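Here is a short report on one protein model.

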Amino acid sequence: MSDASHDASQGKIDQAGRNGAAAEVVRPRKIIHIDMDAFYASVEQRDNPALRSLPVAVGGSRERGVVAAASYEARKFGVHSAMPSVTARRKCPELIFVPPRFDVYKAVSLQIRGIFAEYTPMIEPLSLDEAYLDVTENLPGIATATEIAQRIRARIRQETALTASAGVSYNKFLAKLASDHRKPDGLFVITPRMGPAYVEDLPVSKFHGVGPATAARMNQLGIQTGLDLRAHSLAFLQQHFGKAGAYYYWIARAIDDRPVRPDRIRKSVGAENTFSADLFTLGEAHGALQPIFQKVWCYCDSTGIRGRTVTLKVKYADFSQATRSRTAAAPISSQHELERVGLALLEPLFPVPKGIRLLGITLSTLNDQPRQTAAQLRLSV
């Protein structure tokens, strides 16, 4: 992507609208978002040829099991991550369940991050299977971000026998949207000229950072697309969405100033999931928490981070919220211990007076900083 060759006016950010200063011209950044395609399931299909071209789910097949990842063959039947295994099997009777091998996924992830590091030190991983790269200044001195993304995808295929999708743009929000545009095994570029119009036409449910519950609230307010979102004032969005309102205001204008931050210091590690159907029983909630525990501990295991405080977040059908925390004397040392504490926080909340639409687990009071290859943003299920 020849970012600098596009209309320079698209690279202007009106700082006067934010802090009263005169408008200044900002050189567009070159951001790549790399997202591995059905990562866990693809690794299993790669390592076991008998699974190739078949619907595969990584996770437990037991009654309270949950799908951690689904192959594209399984997704055609509506199977997706965080879905209860019984539901997945009902949707796809031929579904093959494979137990997760997180040690293998972590090793492959580190191999892929080694490829990234040959092009830029500005790497901000989000999880084992995706990361942002700032290649405005890059080690090989390649002029365009598109060429770098092409080379990285080719290297990943050659060295791991896996495919990755890439999005290229001038900010993180658009790069993330672009990587989703042509999955799997795709590459898409959103140039400065394209950005505002691309956001206008997009349903708000497709915006990164707008979950199902927030999208539903926006729809109730008559906000269906980016254009609808852009029509509302900053004050209106902050009134209805709190601190996130400012983020929504600017991304509706294709503006996202967040830098790629490889050295960001974490204060907590967390994951949460919003459910398509409300949960009412303790058994349902137990099962729904399993992939959340798995995500949090996978991050901890891959980075060496440990923490002492476990916080459970519960959001009910009426959007009211409850949190429960417990701090241990020593750092949580295993996923089993994390689950034990998290479930101990959950169980006293039952029976619930209303359905649960969201559950989350956060680990804080961290005692180690992440290694250089660690993920730096909040995990999502």
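Glu-130 is buried, because its relative accessible area is 14%, where buried means under 20%, exposed over 50% and partly exposed in between, using a 1.4 Å probe and protein chains only. The model is predicted: local features need a pLDDT of at least 70 and side-chain atom pairs count only at pLDDT 80 or more, while totals for chains, interfaces and linings use all residues. Residues are numbered from 1 along each chain as its sequence is written, and side-chain values use heavy atoms, with hydrogens and water left out.

UniProt lists Glu-130 under "active site" in an unreviewed entry. Its positions are given in the numbering used here, feature names are shortened, and annotations may be inferred rather than shown by experiment. Glu-130 sits in strand β8. Leaving aside neighbours within four places in sequence, Glu-130 is in contact with His-33, Ile-34, Asp-35, Pro-125 and Lys-176; contact means heavy atoms within 4.5 Å. The side chains of Glu-130 and His-33 are joined by a polar contact of 2.7 Å. A polar contact is a pair of N or O atoms within 3.5 Å; within protein, one must be able to donate a hydrogen and the other to accept it, and residues adjacent in sequence count only if both atoms are side-chain atoms.

**The sheet**

Five strands form an open sheet with mixed pairing, in the order β7-β8-β3-β9-β10. Strands β7 (123-127) and β10 (187-189) are the edges, each pairing on one side only. On average, neighbouring strands of this sheet are turned by 15 degrees against each other, direction ignored. Helices (H or I, at least four residues) and strands (E, at least two) are DSSP runs, numbered from the N terminus. Two strands pair if DSSP finds at least two bridges between them.

Strands β3 (residues 31-36) and β9 (residues 164-169) run antiparallel and are joined by six bridges. Ile-34 stands opposite Ala-166 in β9. Helix α6 (residues 145-160) lies across β3, β8 (130-134), β9 and β10, and runs at about 170 degrees to β9. Axes are lines fitted to C-alpha atoms, for helices over the stretch in contact; angles run from 0 to 180 degrees between N-to-C directions.

**Backbone exceptions in loops**

Most residues other than glycine have a negative phi, and most peptide bonds are trans.

| Cis peptide bond | Omega |
|---|---|
| Lys-183 and Pro-184 | about -5 degrees |
| Phe-350 and Pro-351 | about 0 degrees |

Pro-184 lies in the loop between α7 (172-181) and β10. Pro-351 is in the loop between α14 (335-346) and β14 (356-366).

Asp-185 also lies in the loop between α7 and β10. Its phi is positive, near 55 degrees. Asp-185 is partly exposed, with a relative accessible area of 32%. Ser-53 has a positive phi near 70 degrees. Ser-53 is placed in the loop between α2 (39-47) and β4 (56-59). Ser-53 is exposed, with a relative accessible area of 61%.

**Confidence**

The protein chain averages a pLDDT of 87, and 88% of the residues score at least 70. Over residues 1-23 the pLDDT is below 50, and this stretch has 42 contacts in the model beyond near neighbours in sequence. For residues 368-381 the pLDDT stays under 50, with 65 contacts beyond four places in sequence. The pLDDT is the predictor's confidence in each residue, from 0 to 100. Where pLDDT is low, the predicted coordinates should not be read in detail.
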